[in-house]
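Here is a short report on one model. Look over the sequence and the fold, then read on.

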Amino acid sequence: MHAFNLQPKKLSLAERLADMAVDALIDEADLSPKPALVDRRGNGAHTDLHLGLMHASALSLWPAFKEMAEAAIDCGEIGLPLREALGRIGREGEAAMLATTDGVNTHRGAIWALGLLVAATALEPESNVAGAVTLRAARLALLNDRFAPQPLSHGAQVAQRYGVRGAREEAQLAFPAVTGLGLPQLIRSRAAGAGEQNARLDALLAIMTRLADTCVLYRAGEAGLQAMQQGAKAVLDAGGSASLGGRRQLHALDQQLIALNASPGGAADLLAACLFLDRIERGDGLFPGVC
Ligand SMILES: CC(C)(COP(=O)(O)OP(=O)(O)OC[C@H]1O[C@@H](n2cnc3c(N)ncnc32)[C@H](O[C@H]2O[C@H](COP(=O)(O)OP(=O)(O)OP(=O)(O)O)[C@@H](O)[C@H]2O)[C@@H]1O)[C@@H](O)C(=O)NCCC(=O)NCCS
Ligand SMILES: Nc1ncnc2[nH]cnc12
């Protein structure tokens, strides 16, 4: 008879990165109260989404993130073979997501952002400063995937109509909304004594102050985008989500965005990217045994 082996299984780097990407998505979904987004309180501005679906969607993406990390490790360098492998795996990931959600787009932008960041980390795990990881991700995003279909996506439609930069350009520019807004705010709010949930809400709001969220633009036009950016700034100016004044502004922003049907789904994806990079920088989960 064999004794049970109670030693925890050693996870590969690709498995650990996939765990961290899925954790970041679940942490983003659970964070509450987020303006007009799905959270623990409800569905925000959405009729076809709920928290259980966001969790199921996040979990369905684990194999795709693992495969993207493995592709990066196998290729070993930034180049067209890796870019096209990521495109293929990303499209398969989208198909797995849509099969899980019965056709609802829960995490398209997140597959793109986190997929690039997972691959960029796997290429050089020791080079784990956010700025270095996002630069490698940008170099990948700048390569042209010859097999990518060119659908007239919501993002492409509003980019044409309003002349804004969308998810593709955000990655090609090395995620300025994450490294220049979300992460610095996360660190500032923690240093000012905010609890972790409030610090994360503040990071989301900082991203919302300037992002051209194509999800908001598609649903609510320029008026919706202006309401999102100005309302997020008002919360931070009033002291952030941990203060009473900030909390009042946050409640008002939630109501206003729901009334406008303006869901900041792009900002939510970039918050997940921010939480992923925060863990990568701290080494949590990346280098087992080191905190
Ligand atoms: C390059 C792609 C990202 C495609 O980009 P594109 O802009 O052409 O396509 P979209 O389909 O519009 O998806 C972009 C999603 O990115 C999020 N986003 C929006 N603005 C930004 C921004 N400024 N910066 C970063 N990210 C942004 C957003 O995702 C969230 O919103 C989703 C819901 O959006 P939508 O479909 O519009 O849904 P609704 O309004 O709710 O629709 P209705 O209900 O009204 O029908 C939600 O899922 C969030 O994730 C945008 O949606 C890339 O996807 C691509 O090329 N993929 C191909 C495969 C590939 O190469 N993969 C590489 C793997 S590394
Ligand atoms: N929490 C959330 N609510 C709605 N759309 C989203 N897209 C990504 N995260 C989201």
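Start with the core. The largest nonpolar core has 93 residues, and L114 and A119 touch the most other members. Helix α5 (residues 108-123) gives the most to this core, with 12 residues. A nonpolar core here is a set of buried Ala, Val, Leu, Ile, Met, Phe, Trp, Tyr and Cys residues joined through C-beta atoms within 7 Å. A residue is buried if 20 or more other C-beta atoms lie within 10 Å of its own, exposed if 12 or fewer, and partly exposed in between, with C-beta atoms placed from the backbone. Helices (H or I, at least four residues) and strands (E, at least two) are DSSP runs, numbered from the N terminus.

This is a predicted model: local features need pLDDT of at least 70, side-chain atom pairs count only at pLDDT 80 or more, and totals for chains, interfaces and linings use all residues. Residues are numbered from 1 along each chain as its sequence is written, while chains are lettered from A and ligands numbered from 1 in the order in which they are written.

What does L114 touch? Leaving aside neighbours within four places in sequence, L114 is in contact (C-beta atoms, placed from the backbone, within 7 Å) with A21, A24, F65, A272, A273 and F276.

The axes of α4 and α5 come within 10 Å and cross at roughly 145°. Such axes are lines fitted to C-alpha atoms, for helices over the stretch in contact, and angles run from 0 to 180 degrees between N-to-C directions. On the α4 side, the contact is made by L82, L86, G90, G93 and E94; on the α5 side, by R108, I111, W112, G115 and A119. These residues divide into 5 nonpolar, 3 polar and 2 charged. Ala, Val, Leu, Ile, Met, Phe, Trp, Tyr, Cys and Pro count as nonpolar, Asp, Glu, Lys and Arg as charged, and the others, Gly among them, as polar.

Now the ligands. A residue belongs to a shell if its C-beta atom, placed from the backbone, lies within 6 Å of the molecule.

| Ligand | Residues around it | Closest residues | Top helix |
|---|---|---|---|
| Ligand 1 | 35 residues | G90, G109, G155, G265 and G266 | α5, 7 residues |
| Ligand 2 | 14 residues | A29, L37, V38, G265 and A268 | α13, 3 residues |

By class, the shell around ligand 1 has 13 nonpolar, 14 polar and 8 charged residues. The shell around ligand 2 has 7 nonpolar, 5 polar and 2 charged residues.

Next, the loops. N261 lies in the loop between α12 (244-260) and α13. N261 counts as partly exposed because it has 15 C-beta neighbours inside 10 Å. Not counting residues up to four places away in sequence, N261 touches A45, R219 and A220.

Some backbone angles deserve a look. Most residues other than glycine have a negative phi, and most peptide bonds are trans. A cis peptide bond joins S32 and P33, with omega about -5°. P33 sits in the loop between α1 and α2 (51-60). A174 is not a glycine, yet has a positive phi of about 70°. F175 has a positive phi too, near 55°. Buried or exposed? A174 counts as buried because it has 22 C-beta neighbours inside 10 Å. F175 counts as buried with 28 such neighbours.

Technical notes. Contact = placed C-beta atoms within 7 Å.
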